[in-house]
Every structure is written in structure tokens, then in C-alpha cells.
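Please keep the sequence and the structure in view while reading.

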Amino acid sequence: CEFQSFKDYEYAPYDGEFSWTQLTKNAEWPNRYGHAAVAFDDKLWVFGGYNPGVMKGDTYYEDVWNSDDGITWNLVTDYAPWLGRRGHEVAVFDDGSGLAMYLIGGFTVNESTSYREYANDVWKSQNGENWENIKPRTYPELDAEEDWFPRFNHGLVVAKHEGVDYIYIIGGASMMEDRPARYAMKYFNDVWRSPDGKAWVK
């Protein structure tokens, strides 16, 4: 077969019903993956993430950006209190006090101490700059019924059940703190829900 470099490779043109328009090739925020994004208050929002291509400095971002159009981006804060993290999720939810953004779980890195851990904390904000830690990080038993184990890359959705709005956490993965790394990864198929982000039921 004829050699073709990755750079030169192109997919065949898509002829289906969906179409995409590139709004910007280089947004103001640095390259990243493992970040979270939502639509809230008529804006697009981006939270944290990880950039392994950065050789010096902070590779785990704790920044928050928003945009009215996806083209021009505004840095809301460079240092959110939930520390640098990836694999976290954010949902827009109303616990009865008004719509807010809820940042939940992920893999966190404290760049000042280099301490790293999986998280099951919950943070709440209505403006992306000021955050309230409404559920601190804990380390429950794996089979706990009232608190979910720290994790990242989980699913996060908001849905109504029997007339009540809930946040749902679905699956994810985590490392066990008391085992060697090669035996430590745990994958979950559990589902949790909460009416306020504080109290959770399996």
C-alpha cells in the first residue's frame, strides 16, 4: 500500500445531514484534554483539564473560561479553588436556590505540593469565579451506600425522577490508594444520585 503520513491523511468528505463549522482554530485557552464544558447563562464554559505537552510549569489547569460565541474567550479565573484536575465533570443544576454549575470528582493535582489524588468532592458556582465546596473529598469504603468512591472519567447528567430533579453520577474509574499501581485501577458500573450535590444515594 502507498505510504501516507498522518499529517497528510484526510477522511473522505462527510455527506450526511450534520455539518460542522470551525469557529476558531486556536482559542485563547491553552491546549488540553480531560477538561469539562457546559452551556450556562448564555455562554460556553471550559473548566480545567490536562496538557501533557507542557514541559515546564502547570500541566493540570484550574482555570475557567467562558465565551458568548465560541470564538472569543474570557478568562474568568486562572486559579479556581478546586485545584488542577482532569476527568472531572460539570453539570448545570438547580437545587432549589437557582441554577448553578456543579463541578464533581476528577483527578486533582496540587502543584504547590505535587500531591495527587482522585476526588469525590463537589463544588458549586453561579459565576465561574467564586466556588463553594459543598461536599469535601472523602475516602469511603468501596461498598458504601451513602458516599461514592473518588473517581474520574465518570458520566454526569441531570434528570427528573418522580417529580424531583437529581444529579446522576454514572460509572468512572479510580486508583486504590493502598495497592501497587499495577493492581490499583478500579472501574465502576454504579449509579448515584443527589437532589443537592451534598447527600448521595446509590
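## Arg-151 and Asp-190

In this predicted model, Arg-151 and Asp-190 are joined through their side chains by a salt bridge, with an N to O distance of 2.8 Å. The two partners belong to distant parts of the chain, since Arg-151 is found in the loop between E9 and E10 while Asp-190 belongs to strand E12 (residues 185-194), which places them 39 residues apart. Both Arg-151 and Asp-190 are buried.

## Asp-95 and Lys-124

A salt bridge also connects Asp-95 with Lys-124, and their closest N and O atoms are 3.0 Å apart. Asp-95 lies in the loop between strand E6 (89-94) and strand E7 (99-110), whereas Lys-124 lies in strand E8 (residues 115-125), so the contact ties together parts that are 29 residues apart in sequence.

## Arg-137 and Glu-117

Strand E8 also holds Glu-117, whose partner Arg-137 lies in the loop between strand E9 (132-135) and strand E10 (155-161), so this pair ties together parts that are 20 residues apart in sequence. Arg-137 is partly exposed, its relative accessible area being 25%.

## The overall count

By the 4 Å rule, the count comes to nine salt bridges, among them the pair formed by Arg-151 and Asp-190.

Key. Residues are numbered from 1 along each chain as its sequence is written. This is a predicted model: local features need pLDDT of at least 70, side-chain atom pairs count only at pLDDT 80 or more; totals for chains, interfaces and linings use all residues. Side-chain values use heavy atoms; hydrogens and water are left out. Helices (H or I, at least four residues) and strands (E, at least two) are DSSP runs, numbered from the N terminus. Buried means under 20% relative accessible area, exposed over 50%, partly exposed in between (1.4 Å probe, protein chains only).
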